[in-house]
Amino acid sequence: MSVNQQAHTGPPYGRPQPGYQGYQQPAYGGQPLPGVPQLQYGAYNGPMPGYQQPAPPQGYFPSLGFPSKGSPVSLNSDTSSLAPNFIGSLRAPSTSGAPPPASGASLPSGHLTYSPFGQGDVQNGIPASAAAVQRPPASQPYLPGSAPMPVSQTPTFQQYGPPPASVQQLSNHMAGMTIGSVAASAPPPAGLGYGAPRPPTMPGPPLPGQTVAGPPTTQPNHVSSPPPPSAMSGPQPGPPMSGLHGPPPPTHPPQPGYQMQQNGSFGQVRGPQANYGGTYPGTPNYGSQPGPPPPPKRLDPDSIPSPQLNELPPQQKPRHRIDPDAIPSPIQVIEDDRSNCGSEPFVTGVRGQVPPLVTTDFLVKDQGNASPRYIRCTSYNIPCTSDMAKQSQVPLAAVIKPLATLRPEETLPYLVDHGESGPVRCNRCKAYMCPFMQFIEGGRRFQCCFCSCVTEVPPHYFQHLDHTGKRVDFYDRPELSLGSYEFLATVDYCKNNKFPSPPAFIFMIDVSYNAVKSGLVRLICEELKSLLDYLPREGNMEESAIRVGFVTYNKVLHFYNVKSSLAQPQMMVVSDVADMFVPLLDGFLVNVNESRTVIASLLDQIPEMFADTRETETVFAPVIQAGLEALKAAECAGKLFIFHTSLPIAEAPGKLKNRDDKKLINTDKEKTLFQPQTSFYNNLAKDCVAQGCCVDLFLFPNQYLDVATLGVVTYQTGGSIYKYAYFQLETDQDRFLNDLRRDVQKEVGFDAVMRVRTSTGIRATDFFGAFYMSNTTDVEMAGLDCDKTITVEFKHDDKLSEDSGALLQCALLYTSCAGQRRLRIHNLSLNCCTQLADLYRNCETDTLINYLAKYAYRGVLSSPVKTVRDALVNQCAQILACYRKNCASPSSAGQLILPECMKLLPVYLNCVLKSDVLQPGLEVTTDDRAYIRQLVTSMDVAETNVFFYPRLLPLTKADVDSDSLPAAIRNSEERLSKGDIYLLENGLNIFVWVGVNVQQGLIQNLFGVSSFSQISNGLSTLPVLENPFSKKVRSIIDMLQMQRSRYMKLIIVKQEDKLEMLFKHFLVEDKSLSGGASYVDFLCHMHKEIRQLLS
Amino acid sequence: MATYLEFIQQNEERDGVRFSWNVWPSSRLEATRMVVPLACLLTPLKERLDLPPVQYEPVLCSRPTCKAVLNPLCQVDYRAKLWACNFCFQRNQFPPAYAGISEVNQPAELMPQFSTIEYIVQRGPQMPLIFLYVVDTCLEEEDLQALKESLQMSLSLLPADALVGLITFGRMIQVHELSCEGISKSFVFRGTKDLTAKQIQDMLGLSRPAVPIQQGRPLQAPEQPVISSRFLQPVHKVDMNLTDLLGELQRDPWPVTQGKRPLRSTGVALSIAVGLLEGTFPNTGARIMLFTGGPPTQGPGMVVGDELKMPIRSWHDIEKDNARFMKKATKHYETLANRAAANGHCIDIYACALDQTGLLEMKCCANLTGGHMVMGDSFNTSLFKQTFQRVFNKGFNGEFRMAFGACLDVKTSRELKIAGAIGPCISLNAKGPCVSESELGIGGTSQWKICSLDPSTTLAIYFEVVNQHNAPIPQGGRGAVQFVTQYQHSSTQKRIHVTTIARNWADAQSQLQHIEAAFDQEAAAVLMARLGVYRAESEEGPDVLRWLDRQLIRLCQKFGQYSKDDPNSFRLSESFSLYPQFMFHLRRSPFLQVFNNSPDESSYYRHHFARQDLTQSLIMIQPILYAYSFHGPPEPVLLDSSSILPDRILLMDTFFQIVIYLGETIAQWQKAGYQEMPEYENFKHLLQAPLDDAQEILQTRFPMPRYIHTEHGGSQARFLLSKVNPSQTHNNLYAWGQESGAPILTDDVSLQVFMDHLKKLAVSSAA
């Protein structure tokens, strides 16, 4: 029930129930429970609204009395912020109500949980009550998700101490969601009371909004900008924030914005607000349920109400009972953010704004800072000192996607041409002109915003200043008014001081026996014939400037002369693979249009020529060398598309042997599986980078082919790897062709060098991604496409000041697909803080996870996997412990309190820990692990998000008349209903899971067969059927495919079929077969870790 | 046999052999005192209209170390059906097939007129001829076009079943696969890397790989294409393909920047060609025909760097030991030449460029394998075109004038041993009883391989008389030599060509005049010249000249008639009279003088000198000069500056050049256009006569000579002036009568001075 659901908050309330029911069923798998919960829900809902306003019901807290100590853990999300919406629709209920899902027993708990929510709300409400107060409450909102605690809990529920503590805590815990675990009693582990963060309560906050006009001002900024996190903080913080934020967010928008924000942040603004007014009463309702709250015996003001206390006794046992619905739900957070931020454009003018979540579809307006599509940070408020940073352990990192694709409505970076003199730069640090440069002396000089050095303005660039000190041409110059823009580079920025030639694409096709026999060669040749007309073009150019060349190979290489003047292509065989060279110059790289007929003839003949081949051995390194040499000879950069099938065992440089050994897993030598066999490829990669030769690799292995080694060059040159194990024409052709098309067509830059400059005080110290570095500052990429991301970590080397904040400037020098040399500049300004709370309030968990995953995935190269996992857990525990210690209001040690912005950290972290790289499943091959390791390393935040926490959509809930997606549900088997069909996607695969009890009609509509048993195993496509359901499902799949940079493999899974094992692997909240912890268990573990740290 | 001259001539016509001495001194000591060694010029395949080959196997002496062929000099016992080998005196039974022989029913090989006989034998499979074109693409467009046309034309000249292959090279080397349809396919090699034969064969897929048979795949009849078929195809099958392929040949596409030479990988290209044939058709007649338009500039065998500012080595550099690539390159090509020769493949070099092309380094390829060497200015000249065409000339019987894979086996009577050979051959290292310990030329063997030869190919073979002094004149009074040449005829038949000759022994002390009279001074001059040139390849020029001078002086001392210390008393008999003059011209010839010649030119001249027959060799040593005038019919005149007169037209044939020189007056007349006037038709005829004669020479000679038409005062007149004996120079202009022709501006000594010195030295008792 409570599970996640419907996205629509608004309606939720009213509808919720129905929706829920449905949900529940699926979730529970048709357990009887549903019914009950619903009821509860209903009740809740009703109350909810009321609640929100009522938030104030401080009484609750107390009541909750989380006295919890003895009691189990309770989760509180400070988040009072949670959007009311959530509550209404999904979460709110879920969190609170969550309990039901668990087991029959849970039912009762469900109730309980609900109540907690109520409490949460209360909290919010509280803040609302007093302007000043508000904040405090916010910070600590508790949603004691005492959920687990069955019966007793309910009553116990939360006591929110908040009110009292409010003020103090406020400041600290803004967004902290807390899970109170019973500290004292050993039982703690058992009973995890999750104060479901359910900000739903938050709705309450809205109230505050009203009341608290004042505070908002400060927050306004937050509001508008900071999506979820801010929101979280917003609400609660509101109050506290004001203090804290106040200063930084000088923005004016204040009040109005504020409210919005709050709304946004919490739940959705609208609904709530309205409600608010009336809400109070609502609260009562909650209260009613929670009513029981009275229990709040011990309530500390701050402390999280831990229902547990009451339960204490019972709890211990129940510990395992923790209600999954009571713990922070990714779905809920995503939905909240979506509803809060999805509608308004995100305007980047303000320093340190936290953008909406990556899962939210929002429009960006560049007003001086780079769009979050280009840069996302783990925190938008950086500690001023390194001590603080160390204390918090929150990594400071930016995830940069310099050539990211924008939404069509958004404008591409403007191209600025400063003529022969080139871009204006700081004399000392060489930073490029940007909106943060300060013009002084009437515009004759400017002071660098990074290093403070003063530089003369070149005469041709001089402009007068207006009375505010702004240049008069401020709005005419992108580099003065925008966060992202491009400069046309001068010849000084080019290799050898020569403007580059247009790049080239070289297609290198394995024509060994396997490739030919599987039909791959024919397929590629056929596809290339048409694909060549879609090479990337610059702007509005008529035809692509990119030249193409063709090579086939097995043990030897075949080059083709496709010069337009020839009647027939000519093949040139190079068998001297030990010392590769390019046999021809003229006619190898050609313009597609000029040589069209020759190329067509060639592509026709290649499959014929090798039809009878019996050569099974292949070479690999020489293939790359050949491409590299060809580009060298043509003096251009370019990309190699290599289609390869097997481990290169033929006698040649870079020859490999099969060294796959599963026995190494979980030993100290496991790391060798991720390391290349030989350093040969590293050196080759270096040469490739120097020439701007990017390598894209399409692998079609039937057995181990050592991705870890073959991928080295691809990886270090900024290329992509695509892997199609056991490639079969019928099933994999679409996926491969789509990938190929996209890969060929996507926007790409060549011969790129990226440097990240920062204000004095911090420094980019570490880089993650697919690139090569020859020194410590320049990230070199032979090729960089619109999907590639570089994660950069910063460290302090000095102090920052709150006043000036911190600036990042990412400058990317690259060659466009037409051969134009350009500089793309992205600027981002961040706030700095002296209070840890500010840091926690402005973090972004998705980005954090992106960083942590990359960090860990690199770690496996040098350390045993176990060490890496432990380090991850440890770091996160420290982050959360620091929060608990410094920001959260004092509360019982047994309570788990999570910062609002990081309340998903545990669940996501668990997903990372359970991922195939860090904890391989049984079916996972060494190649898969190496493959994924490399993939993740250049993923952006959105991709890591869905990769680690897949999206699970109940297809049967889809509204066939609208084009929206059904609301996602949490990744747990218990959320699946036998009577429904679900879709799960993680960016690589799409599973369609069919329950055994699905109505025949649906099966007929979707699969065109009459019964469940007739759905054939291993199906990989959906038949095209003319009925609304089939169309809807296919359109959903198409839509998802569009969103991802790779075409996902579609796998139809029947419940209780063999394949289901595979599918279950992706239900990441559950315990995994390979030993990965369930969410609940992990949360307990985390809590224990934190407590250990705190004690 | 009226005179020795006639005897010599007759022998030459019948056997293709000319000995320096036609009566042999009977002891080692005497023989050495003769100065000119006992030696002969052998033209193994000299064309004879009257010699139909016999269609059976030769009969061999049964002694394993002898194996001489039954010949007219053998004693035959017709009744016992026995014959005695005239070399080892082994008595042999005739084979059964000879059961019917008798005094009146002799097989051809026993008849005296068949001292030279040719057998056709049926042994082994008949292999088609193989032609592998190795074509440089770093040429000027015009040159390449001309070359392509020549090559295309040549396809029509090849026998239809001949196999043909194509390798092109520039910066890279491409081995073209001729069999495939559709896409034309070639294997490409980089020009900087030397590859072993094994590597080349592996890379070309020539070595049969252990074919990994796919399991579960039906075992199709394993394709058994003749392994080489991809690269070497019968002309009639790939005629069209190859013509197109040649037509599409492009210049080497790699850019050549200002101040650089194109990168030309001749060394590796040849290496691949040799490796390819080695792997596919060992011991089968094949021609690798290298067409190059410049020096190798990279990889093994490079002769000069690609920087134009570094000129290619000159004689000066070589003397100063300043030619940094020469030794290595030479070694590279020598290795290749030896490999090719070992497999019976020959390498032709057609080098056309204005500058040197590295013939010096590459010469051994042609020299050791019997290949042709042709040097021209451009492929777009008739010199090249016609020369190339002439390679495929057919003889009177409609057969190609080329033979392959010949093995020359020389057998001698006991009193003689073989000291060596000089010519387009390599040693087969066949040690035997008749091999002398002292070497002249390529020695230490009694067998040589000549990978390619034509009817004019001539070897110089040197002997040593081993009879002890005071020993009696050997039994029978005659010494015998048998030359057995087994070869692959152009019709692909295997043939054995046997020549057996005998000469009388004479006691040098009592019968010196016989020996003297039987001296063949022409042959001797050529044989000595070959020795000199052979030495010049490895020794300093002046040393060779000194050696030649000493030999000449010794010869004069031995055979001249004079009173001691009285130069004026010096006389030479008729049979020696021309010899000093030959030596005079030889000393001035480009074979020994490198001044004014590039190393390439020297190599080129020497190459031809070492293989042409006696007549041609003599022309090379002492060019022929004809005069045309109104004073009489055309006549040969002295090769002397005094022959250059204003009212004469001169025609000089140096073998390499044909020079027509109009005397001063004639030239003026011609300018005035008299030849156009009907009343001066005789002048027109006069002008035409030398042209016609020149044409005749041009038609027959291989390689085609450079044709020069010049006149008094013309710049090209230098070709003439540098050859004539400078009897009149600026130094002695007024010492001579006014009559005579043109003074030559030179410090070279004239024949007169040379002779004076010679006499003086010869008669000197101090010498």
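Before anything else, a word on annotation: UniProt positions here follow the numbering used in this model, feature names are shortened, and annotations may be inferred rather than shown by experiment. With that in mind, hello everyone, and let's look at the structure.

This is a predicted model, where local features need pLDDT of at least 70, side-chain atom pairs count only at pLDDT 80 or more, and totals for chains, interfaces and linings use all residues. Residues are numbered from 1 along each chain as its sequence is written, chains are lettered from A and ligands numbered from 1 in the order in which they are written, and side-chain values use heavy atoms, with hydrogens and water left out.

Let's start with chain B and its UniProt features. An unreviewed entry lists "domain: Sec23/Sec24 helical" at residues 520-618 of chain B. How much of that span is helix, and how much is strand? It is 62% helix and 0% strand, and its end C-alpha atoms lie 13 Å apart. Helices here are DSSP runs of H or I with at least four residues, strands are runs of E with at least two, and both are numbered from the N terminus. The unreviewed entry also places "domain: Zinc finger Sec23/Sec24-type" at residues 58-98 of chain B. That stretch is 0% helix and 22% strand, with 11 Å between its end C-alpha atoms.

Now the domains, whose bounds come from an automatic or database domain assignment. In chain B, domain 1 takes in 4-53 + 114-122 + 398-508, and domain 2 takes in 130-205 + 230-391. Their contact, meaning heavy atoms within 4.5 Å, involves 13 residues of domain 1 of chain B and 21 residues of domain 2 of chain B.

Which polar interactions cross between the two domains? There are three residue pairs in polar contact, both at pLDDT 80 or more, and zero salt bridges. A polar contact is a pair of N or O atoms within 3.5 Å; within protein, one must be able to donate a hydrogen and the other to accept it, and residues adjacent in sequence count only if both atoms are side-chain atoms. A salt bridge is a side-chain nitrogen of Lys or Arg within 4 Å of a carboxyl oxygen of Asp or Glu.

On to the two chains. Chain B brings 25 residues to the contact and chain A brings 30. About 2500 Å² is buried between chain B and chain A, 55% of it on carbon and sulfur atoms. The rule finds three salt bridges across this interface, and A:Asp579 pairs with B:Arg190 in a salt bridge at 2.7 Å, N to O. Chain B and chain A also share ten residue pairs in polar contact, both at pLDDT 80 or more. On the side of chain B that touches chain A, strand S10 (172-177) and strand S11 (184-190) of chain B each give two or more residues.

Finally, the whole structure holds 88 salt bridges over all chains. In chain A, A:Asp787 and A:Arg742 form a salt bridge at 2.8 Å, N to O. That pair links distant parts of the chain, 45 residues apart: A:Asp787 sits in the loop between strand S23 (779-785) and strand S24 (790-796) of chain A, and A:Arg742 in helix H28 (residues 729-745) of chain A.

Key:
Buried area is the accessible area (1.4 Å probe) that two parts lose on being put together, summed over both.
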